[in-house]
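Reader: I am new to reading protein models, and I would like to go through one slowly. Could we look at it together?

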Amino acid sequence: MSELLMDLADCGSPERLIQTILRHHPDWTPPVPIEALAAAVNILEIRDLDTTSFEGALLTDPDKSQGIILCRPGVPGGRRRFTIGHELGHFLIPTHVGNQRCTQAHLSERGFSTPAQRREAEANRFAAGILMPKPWFERDADRLGLPEVGHLRKLARSYDVSLEAAANRFVELASIPCAVIFSYDGVIRYARAHVSFPRLAVERKSRLPSDCATKVRPNAGIAAPSDWIEMDGTIWLQHDWGRPSPRVLEQVLRQANGHAVTMLLLADAPTDNEDDEEDDVLARWSPRF
């Protein structure tokens, strides 16, 4: 058994696995050679699935000493690399046992309500973390300057991942809170927001808000980022009655196939003092019985 495999055997979480792999490969730079890594940990073969019902699969022996990764045929390179990373996560995480068959929904799972959700979310953490290591990605994103939707395309090319994978990682690690909304033909596919960004008011499978810039300025940003447009925050954000919603900046990157990525930033987040003043005003106007 190689020294890398012996060290990985002591790792339980996706993050410890990633740290150990990168410690063994200090000379790596983006993009991470995911197929070479798979071969180094006893993945014997990576080949196409015979069906398009699944996005990826892992076949392995009972003690997971070796395995084969299968990918849906015809998938673009960046998405295929994420699928390989996801199945490699199943192979390396000790608690994931048996063969795996993963759909597109599994490859975007983030929940922890059930053991199955937890396993898929852990495999996704491994895939995102090994393809876009946190210290590298934070450094490269900061070098690009203030958040812009155009940065997502540059990062996706640099790390050889899909635009969506780069966008999700960007939202997770950005030093300035932001949110992205993925839509197709005016319908929201899903949204991701930084942990410090206000809660979004939009839901999956709903239409884009009627007043948002992405919808009312259809000619802006075809294949290139639009200008930033300042909008009323109530278009996108949940807000409490009687409290003003912060204004947001909205920028969109449209693609010719009907897909669009919308990025949101806060234009005027209220300061602590403003919050205190607002609380005082509300307290004075609250009826007392």
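Reader: What is the volume of the largest pocket?

Author: Rolling a probe the size of a water molecule over the atoms shows where empty space is left. For the largest pocket in this predicted model, the computed volume is about 1300 Å³.

Reader: Which element gives the largest share of the lining of the largest pocket?

Author: The lining of the largest pocket has 47 residues, and those closest to the pocket's centre are F82, L107, A165, N168 and Y190. Several elements give two or more residues to this lining, among them α4 (77–92), α6 (134–143) and β6 (187–193). The largest share, seven residues, comes from α8.

Reader: Where on α6 do its buried residues lie?

Author: Buried here means under 20% relative accessible area, and in α6 this applies to W136, F137, D140 and A141. Seen down the axis of α6, these buried residues fall within an arc of 120°, so they line one face of the helix.

Reader: Which elements do the buried residues of α6 pack against, and which exposed residues does the face turned away carry?

Author: The buried residues of α6 pack against α2, α7 (149–159) and α8. The face of α6 turned away from its buried side carries the exposed residues P135 and R143.

Key: Residues are numbered from 1 along each chain as its sequence is written. This is a predicted model: local features need pLDDT of at least 70, side-chain atom pairs count only at pLDDT 80 or more; totals for chains, interfaces and linings use all residues. Side-chain values use heavy atoms; hydrogens and water are left out. On a 1 Å grid over the protein atoms alone, a cavity is a set of points where a 1.4 Å probe fits but cannot get out, and a pocket is an open set with protein on both sides within 12 Å along at least five of seven lines; lining residues have an atom within 4 Å of a point. Grid points are joined across faces, edges and corners, and a volume is the space filled by probe spheres set on the points. Helices (H or I, at least four residues) and strands (E, at least two) are DSSP runs, numbered from the N terminus. Buried means under 20% relative accessible area, exposed over 50%, partly exposed in between (1.4 Å probe, protein chains only). The arc is that of the directions from the helix axis to the C-beta atoms. Contact means heavy atoms within 4.5 Å.
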